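Please take a look at the sequence and the model below. A short briefing follows, sorted by topic.

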Amino acid sequence: MKNTRRDFLKTFAATSLTVPMLSSLQTNAAFAPEKKLGIALVGLGYYATYQLAPALEKTANCHLVGIVTGTPSKAETWKKKYNLPDKNIYNYQNFDQIADNPDIDVVYVVLPNSMHHEFTIRAAKAGKHVICEKPMAVSVKEAEEMIAACKAANVQLAIGYRLHYEPFTNEVMRLAKDKDFGKVTFVEASFGFPLRDLKAWRLNPKLSGGGPMMDVGIYALNAARYATGEEPISVTAQTVKTRPDIYLPGIEETLFWQMKFPSGAVSNHTTTYNSGLQRLYVGYENGNLEMSPAYDYGPLKGKTSKGEMKLPIVYHQVLELDGICDCIINNKPNITPGEEGLKDMKLIEAIFKAAKTGKEVKVS
């Protein structure tokens, strides 16, 4: 039996909708807009098929109206399942014609990492708002160009950091801000899974831009930033590769990295395709927080020095989609803009440089 990322990121979406959301985290979903935004999914892989499409059947601010795929059989299946008109079905060649389709307001790019740049810019030029999965690109330069293209087209760019919309992560952020346990002193954030699908696109450096760091490692990286409420000032890193026949140049098998923050807090991290791990530990001056699982589709679990974190279990993608579209509808900044993705890309480049050189790399 193959172990894949989809197996590891188990979802409990069917039960998550039965629990009410905290009022402080609600979007305008309770006050449905006069017109739901129409979303087209670009790329119909596992995440689009089993997470985003089902979520779009439950969102208040948006709904699925179109698809973009290079596989005709998928197009036919989705057309029947979601009652999509032919005029809202595109392939990668005629994608730019989406500019003439008033049904589609937002394009959600769910393609391999190296394709994010191209289709975000093409969507922006077509006048469509963009949601792009993380990591937002395979380089800082690409991320900057994506942000510039969306600004030039006067459309919003949101990055798919779904955890920023759910209660447990918001509580981690709040503790960093309100300092219930004092200042953060130490963070340990790690995420990995045993990759057994040797045909996965994530093992192709031209598509992925890296190994587990560009897959699940970004969750741990982002976690250190929101757990401290700070931006790192330097990084060090090391890689381990036991199977060079599988993990080609440009694809790390296991990556360890460490970061220093302006306040004096430090963090330690692991991401790997060699083992299943998923945790977040935050040490404070007067307490601690532990979460495991900390990043997958749920239910997330955690405790602090005061006891179990009793928070609502929610459908992450519904909250994310409604939250982003609420901002588009009401013309206000979203909480996971392109700039958030760019910060992670700058750190990822610094981490790769530190691993390659064996030296501490300063981050500005």
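This is a predicted model: local features need pLDDT of at least 70, side-chain atom pairs count only at pLDDT 80 or more; totals for chains, interfaces and linings use all residues.

- Strands of a sheet pair through backbone hydrogen bonds, and the pairing can be parallel or antiparallel.
- Strand E1 (residues 37-42) runs parallel to strand E2 (residues 62-68), and six bridges join them. Ile39 stands opposite Leu64 in E2.
- Four bridges pair E4 with E5, again in the parallel sense. Here Tyr108 stands opposite Ile131 in E5.
- E5 and E6 run parallel and are joined by three bridges. Ile131 has Ala158 as its bridge partner in E6.
- Which residues of E5 are buried on its two faces? His129 and Ile131 are buried on one side, and Val130 and Cys132 are buried on the other. Both faces of E5 are therefore covered.

**Crossovers and helices on the sheet**

- From E4 the chain crosses through H5 to E5, and this β-α-β crossover is right-handed.
- From E5 the chain crosses through H6 to E6, and this β-α-β crossover is right-handed.

**Aromatic pairs**

- Phe95 and Phe119 are both buried. Ring pairs also bring in Tyr92, which forms a cluster with Phe95 and Phe119.
- Phe193 and Tyr273 form another edge-to-face pair, 5.3 Å centre to centre with 70° between the planes.
- This second pair also links distant parts of the chain, 80 residues apart. Phe193 is in the loop between strand E7 (184-192) and helix H8 (205-208). Tyr273 is in the loop between strand E10 (266-272) and strand E11 (277-284).
- Are these two residues buried or exposed? Phe193 has a relative accessible area of 0%, so it is buried. Tyr273 is buried too, with a relative accessible area of 0%.

**A charge over a ring**

- Arg202 lies over the face of Trp201, at 5.2 Å from the ring centre.

**His164**

- His164 is in the loop between E6 and H7. His164 is buried, because its relative accessible area is 9% and the cut-off is under 20%.
- What does His164 contact beyond its neighbours within four places in sequence? Its contacts are Thr169, Asn170, Met173, Asn222, Tyr226, Ile335, Thr336 and Glu340.

**Backbone details**

- Most peptide bonds are trans, and most residues other than glycine have a negative phi. The residues below depart from that pattern.
- The bond from Lys134 to Pro135 is cis, with omega near -10°. Pro135 lies in the loop between strand E5 (129-132) and helix H6 (140-152).
- The bond from Gly298 to Pro299 is cis, with omega near 0°. Pro299 lies in the loop between strand E12 (287-291) and strand E13 (302-304).
- Asn83 has a positive phi, near 55°. Asn83 is found in the loop between helix H4 (72-82) and E3. With a relative accessible area of 69%, Asn83 is exposed.
- Lys179 has a positive phi as well, near 60°. Lys179 lies in the loop between helix H7 (167-178) and E7. Its relative accessibility is 43%, so Lys179 counts as partly exposed.

Key:
Residues are numbered from 1 along each chain as its sequence is written. Side-chain values use heavy atoms; hydrogens and water are left out. Buried means under 20% relative accessible area, exposed over 50%, partly exposed in between (1.4 Å probe, protein chains only). Rings of Phe, Tyr and Trp (its six-membered ring) pair if their centres lie within 6.5 Å; planes under 30 degrees apart count as stacked, over 60 as edge-to-face and the rest as tilted. A charge sits over a ring if NZ of Lys or CZ of Arg is within 6 Å of the ring centre and within 35 degrees of the ring normal. Two strands pair if DSSP finds at least two bridges between them. Contact means heavy atoms within 4.5 Å. A crossover is right-handed if, with the strands pointing away from the viewer, the path from the first strand over the helix to the second runs clockwise.
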